[in-house]
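Here is a short tour to read alongside the sequence and the coordinates. Take a look at the fold first, then come back for the details.

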Amino acid sequence: MNIERFEDAGLSGDLVRALKGLEYEKPTGVQRQVIPRLLAGRDIVVKSQTGSGKTGAYAIPLCQLVEWEENKPQALILVPTRELAVQVKEDITNIGRFKRIKAAAVFGRQPFAAQKLELKQKNHIVVGTPGRVLDHIGRGSLPLEKLKYLVVDEADEMLNMGFIEQVESIIQALPAERVTVLLSATLPPDVDGLSQRYMKDPEYVEIEGTGGVTVSLIDHTRITVREEDKPEVLNRLLITRNPDSCIIFCNTQDQVDQVFRELARRDYPVDRIHGGMVQEDRLEVMNAFRRGQFRYLVATDVAARGIDIENITHVINYDCPMDKEGYVHRTGRTGRAGHAGQAMTLVTAYEEGRYLSDIEHYIGFSIPVVGIPDEGKVRADLGAFEQKIHARRALRTEKSEQLNQGIMKLYFNGGKKKKLRAVDFVGTIARIDGVTAEDIGIITIQDNVSYVEILNGKGPHVLQVMKNTTIKGKQLKVHKANK
């Protein structure tokens, strides 16, 4: 039950068109196996390394399976972090763009009332962290009666972060008749137990090797250091390896701040992210890193959990991960989507004795030891390093930007309180000369305002006409919505 092309899965033309716009050329290994099984309504347990295309493996079939006409959520996706919730929502929105799939993301440290308002709108798919999802279920703001699909993504990280009890509470509240998909880079016993308790004859899909670590694309090395020498060793590695894009992992927020300050003092292109930062700042840092506005991101493990950024050439573990799964998730940030990468770990004698043997046993190989670059090597490579870090960078564009180029979002000053429905907007706009229902994207109707996406570059034309056109007998103010 595998596919070689997306077209082989019987996907709608709207989805195939979006996938082509996103440059999804052919299914990855995990997508080839998961997409047809999920479309066939099978429960699935997926063990696959990070960077293998797991999000697309469930997002593509879910966008195919949900019924556009249904207003209440039909699929729930549980993820361990806020960043991943936002990313998965964006992926679903882009994949389902032309089918007008509406997704909502709910997570902590964001006003509950704003999320409650969004959940009152039409939503096909909800993505969220376990605590906030459970909160919405408890307060009745997340309707469950139409839910047909549950996805538990990064299940091993749910376990590591102490979310398994919350996940079980959520599952127990869901309709028994549903399809369940569990995805994980690793399958510890507690996660496997979860699948046995709550899934019906699940099919197991395993991609890549033991422990979810790839050695074919990632060069794994470690360097023995003293704790006090780590700043100098890190600097020598950055100069001699000269990464295009690098994540430097630390075990604590204080250590992240310290390493960030040291690199910033040297005037290196660097920023930081950790759980102590406010959500808006974390999202902005990740977006800037994606665009390539700086080369080095200093981070705690919050950045290792499922975040998908292409072309990260190097991962440096400034501190050795304290758990074996952490090594898998950190090093999985590089070597993604067929690109080669390097993973280097600085290991003190204390860390070697406490953590390293567990990691090596878990991943199934010994991490080769390499020496600290000497001063001669540093001097020889310094010129190329300085030239690269001070060069003007060509910012990367997201694949979704090209897909979204022809889209204009329109604002209307009327909504539910004026008895307006999505069909009213579609019926009116589709009567405009040169415009069809296929040119209308996601429609969001709130109490007093509505937003309508116009596709295929027809936004300016629709905007002009709608300034003098009534909807359901009502003349509404209309203008281009703010981003």
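Strand β16 (residues 450–454) is mostly covered, with four of its five residues buried. Buried means under 20% relative accessible area, exposed over 50%, and partly exposed in between (1.4 Å probe, protein chains only). Helices (H or I, at least four residues) and strands (E, at least two) are DSSP runs, numbered from the N terminus.

Before going further, a word on the source: this is a predicted model, where local features need pLDDT of at least 70, side-chain atom pairs count only at pLDDT 80 or more, and totals for chains, interfaces and linings use all residues. Residues are numbered from 1 along each chain as its sequence is written, and side-chain values use heavy atoms, leaving out hydrogens and water.

Back to the strands. Two strands pair if DSSP finds at least two bridges between them. β16 pairs with strand β14 (residues 408–412) in the antiparallel sense over five bridges, and Met408 stands opposite Ile454 in β16. Strand β15 (residues 440–445) is also antiparallel to β16, joined by four bridges, with Ile440 opposite Ile454. A hairpin of four residues links β15 to β16.

Strand β4 (residues 125–128) has both faces covered: Ile125 and Val127 are buried on one side, Val126 and Gly128 on the other. Its pairings are set out here.

| β2 (residues 75–78) | parallel | four | Ala75 |

From β3 the chain passes through helix α5 (residues 112–119) to β4, in a right-handed β-α-β crossover. Right-handed means that, with the strands pointing away from the viewer, the path from the first strand over the helix to the second runs clockwise.

Ile125 also belongs to the largest nonpolar core, which has 43 residues; Tyr58, Leu62, Ile77, Ile92 and Ile125 touch the most other members. Such a core is a set of buried Ala, Val, Leu, Ile, Met, Phe, Trp, Tyr and Cys residues joined through side-chain atoms within 4.5 Å. A second, separate core of 27 residues includes Leu78, Ile137, Val152 and Phe163.

Finally, two backbone spots. Arg100, in the loop between α4 (82–95) and β3 (103–106), has a positive phi near 65 degrees, in a residue other than glycine. Arg100 counts as buried because its relative accessibility is 16%. Glu154, in the loop between β5 (149–152) and α7 (155–160), has a positive phi near 50 degrees, again in a residue other than glycine.
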